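This report describes a predicted model.

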Amino acid sequence: MIRRPKPERFRLRRTMMFMNAQKPGLIKDAYIYGCDSIMLDLEDAVAENQKDSARFSLYHALTTIDYGSTEVIVRINGLDTPHWQEDIRVCVAGGADGIRIAKCESAKDVHTVEAAVEAAEKEFGVEVGRTLLMAALESPKGILNAYEICSASDRMFGVAISGGDFRKCMQTTFQPDGVDMLAARGQMLLAARAAGIQCFDTVFTDLDNEEGFKAEVLQNKAMGFDGKSLINPKQIRLVHEVFAPTEKEVKQAEAIVRAYKEQSAAGVGVFTVNGKMIDIAFIPGAERTLRLAKACGMYEGDLV
Amino acid sequence: MRNAVGRDIPEALLVNGKEVYQGKNYMDGKYIQKASPRTRRYEKPQESKIVESLVEALKQCGARDGMTFSFHHHLRDGDYVVNMVMKAAIEELGLEDLTIAATSLGSAHDPIADYIEEGKVIGIQTSGIRGRMGEVVSAGKLKTPAIIRSHGGRPRAIEAGEVHIDIAFVAAPTSDCVGNCRGIGGKSNCGSMGYAMTDARYADHVVVVTDCLVDFPNMPASVEAIDVDAVVVVDSIGNPKKIASAAARISQNPRDLMMAENVAKVIASTPYFKDGFSFQTGVGGPSLAANLFLEKYMDERNIKMGWAIGGICGPMVELLKKGKVSKVIDVQDFDLDGVNSINQTPGHFEMSASQYANPANKGAFVNKLDFVVLAALEIDTGFNVNVLTGSDGVLRGAPGGHPDTAAGSKVCIIVTPLTRGRMATVCEKVVTVTTPGDCVDVLVTDYGIAVNPLRPDLIECLDKAGIPHVSIESLKDKAYSLVGTPDDLEWEDKVVAVLEARDGTILDVVRKIKPLTL
Amino acid sequence: MEILKSAAAGTLESSDAMVTVEPGDGGIELELSSSVMNQYGRQIKATVLETLDRLQVSNVRITVVDKGALDCTIKARVECAVYRSCDASSANIPWGGAVR
């Protein structure tokens, strides 16, 4: 049986790829494409009368398949369905890294899931607090309550918007310039940053529209998203390319982190790097750039 | 007797100078005595060679029990000609003990399985065998072991007289009244007729079967009237939809694309990737997709491909039309883009099977090949490849040009997923060796790349380019960790097929499988 | 567990298996067909029997049509079919206990 290491609440999550938990041919090795996280789906991808069967598949996949360093998250069914409690039990028992709460609308929803997760952790002898949570915001109410959702639990590592349902609620459709969800994306990003968690954009479903996909990913990066949900492995490469830092950014970050380590050892708080004033506030950003650079194969040093 | 790839070859097969496989280039420098056919003179001018029916043609060629009939496989899964000829010979003329020597056979030829079971067909010589025929031969129902040869091994065997063709049947998309044939201009077009060329020159008799008679002279002819005894016009020689698909599309399967990209990376890391390089790829998902990624590297480095060979399809024709490859030399076409381009697009030429791949002539095209990208059903830790038998031991594949291009090329890359369903593609020991490991250089899978230790030069290239690679043993271990270690297949003693290496030595045999009953 | 009625789980897609269970005649009666019979037939049989044993099923007619499924899939399909036959597949599964 595979025992996955304790999940990291904050790690690189540029790409989260959805996979139907019911399809053995898909889930057996989805990690080979190099996405940061796999999202095994018990919700929309699984037919109503196969929810039970999907859990058995999921349990054995989680406990048999070595996903290596790829994060494994499970999207559970909504709290308005009869499925979510058993979904949580199987996720915790199988050792999933995290659970994605579908159609989350309030802090109460997060607390409901958290309580069930904690109960399952106790039931299955899993360290309490091990299982991480993220929320999918799919309605205007969810977006308006984004901050309370993002800050509802120490288990929360991120929040994502789910475009399909959200656009329906807003009586709009996909727009190439993103104006359909501009306010929602902005509000969610604000909430996530205020709560100190990560923020992920929705899937892009038109696989043949490569230009459109690229435009959306560029906009995601410009708005400050941490990553994006994907439906096909062929989308991974572009997201990783767009989210990769530039060589100049990597060099600057390396200089900042190195200087900080030297200066703080000498007790200096504020210093200059390449003529720019640097204090401790710059450090987390520079370290994030280096971690990203490492994941993209652009940095091989040992500062992170 | 054990051969150079560790296979035990029954002594009973080692007669009349037959040897076991000794390794690459073993026959180099030896002489062969070419066999010549015994052909009929047609000195008196003939207005036309058209005869009423296949039966008439068979009679005119003196068809009798025990003969060997040859066929070529350009009509692929759409072919009607093999079945119609064998039906005329067996059901109308009552012939028996016949041998079919075909360049390849496929599921279109399922009806022949009945003739094998009835004992009317007692010998099969082919590159490929699939469908029901594969099943009945695997079940030991063919009277003599099938002989499996590569596309280059076949013209070698014909020229050396190891196969004597009594009557060659040429399936011709167009022919004139005296038998000048072309693969285009009709309703069942196949493009190149390269595999029929050697047969026509070395057979005692040649019968052209066409469904489109055109004005004399049908030029430039692939098979020439000077070799043809009779022409039979039939309603249809094949199903055009199955002869050439509309267009071979480049796979969108992310796994195929990932592997294809790595194939291109490997190619671009070697010193052979320079202006004027030569290339062949199969039409399988990841092999064909390699074209796409290779083009990117060619653009980046501003180099062009000198020439490409093989079975040809749309993506290669595209490169030719864009001026990214100077010449395409074609033994078979896989799609309508290939068919419609041959001898039409400047630089797109036809070649014979011997010119393509024969190891015993004075220099086939494969010998000048820089890169070949090939698929595999299985590959073992000795880099031996199987493209003939399924991992259940049943015949269902074709060596085709695989062993020839692997042996001739400077870099032979096998691209295959690590597992297919529950079958481990990378395994301890392949069921049948069809391409010996000393001809295979690099393996690209979805779980990593392995380089044959016989090629330290390529290992260095990959290292320099920063392309990660692992041992083939570790890939095998990974495969078995995913699907479980398979049980060994159980065989009976009876040999159902003999696998000839391209040089004529014996590479392996396929025995009758004992099915598992629980 | 006792097989109360006939139930099935799985599909005939590649890499999957279709498992059907029915009340037995006093023992375990297994009918197995597989696209990888010659190489994996014994292992599949062993997996099916072990899974039934863990679920304490001793009276069943079970049919497995395997299309090259991995062991973890075969287990999942057998378990689901058995729990479905008892109308117990939707909640309170003993994950990590009898199901493991």
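B:Ser278 stands opposite B:Trp307 in strand S12 of chain B. The strands to which these pairings belong, S11(B) (residues 277-281) and S12(B), run parallel and share three bridges. Strands count as paired if DSSP finds at least two bridges between them. Helices (H or I, at least four residues) and strands (E, at least two) are DSSP runs, numbered from the N terminus.

Between S11(B) and S12(B) the chain passes through helix H9 (residues 285-301) of chain B, and this β-α-β crossover is right-handed. Right-handed here means that, with the strands pointing away from the viewer, the path from the first strand over the helix to the second runs clockwise.

S12(B) also pairs in the parallel sense with strand S13 (residues 325-333) of chain B, over seven bridges. Within this pairing, B:Met305 has B:Val325 in S13(B) as its bridge partner. The link from S12(B) to S13(B) goes through helix H10 (residues 314-321) of chain B, in a right-handed β-α-β crossover.

S12(B) covers residues 305-312, and seven of its eight residues are buried. A residue is buried if 20 or more other C-beta atoms, placed from the backbone, lie within 10 Å of its own.

| Strand pair | Sense | Bridges |
|---|---|---|
| S11(B) and S12(B) | parallel | three |
| S12(B) and S13(B) | parallel | seven |

Chain A has twelve helices and ten strands. Its 304 residues would give a compact globule a radius of gyration near 19 Å, and the 20 Å of chain A agrees with this; the radius is taken over C-alpha atoms, and the rule is 2.2 Å times the number of residues to the power 0.38. Along the principal axes, the C-alpha atoms of chain A fill a box of roughly 65 × 45 × 35 Å. Of the 304 residues in chain A, 47% are buried.

Chain A touches chain B through five residues on each side; on the side of chain A, three are nonpolar, one is polar and one is charged. Contact means C-beta atoms, placed from the backbone, within 7 Å. Ala, Val, Leu, Ile, Met, Phe, Trp, Tyr, Cys and Pro count as nonpolar, Asp, Glu, Lys and Arg as charged, and the others, Gly among them, as polar.

Between chains C and A, 21 residues of chain C meet 17 residues of chain A. Helix H2 (residues 71-85) of chain C gives the most to the side of chain C, with seven residues.

Residues are numbered from 1 along each chain as its sequence is written, and chains are lettered from A and ligands numbered from 1 in the order in which they are written. In this predicted model, local features need pLDDT of at least 70 and side-chain atom pairs count only at pLDDT 80 or more, while totals for chains, interfaces and linings use all residues.

Methods: Contact = placed C-beta atoms within 7 Å. Buried ≥ 20, exposed ≤ 12 C-beta atoms within 10 Å, placed from the backbone.
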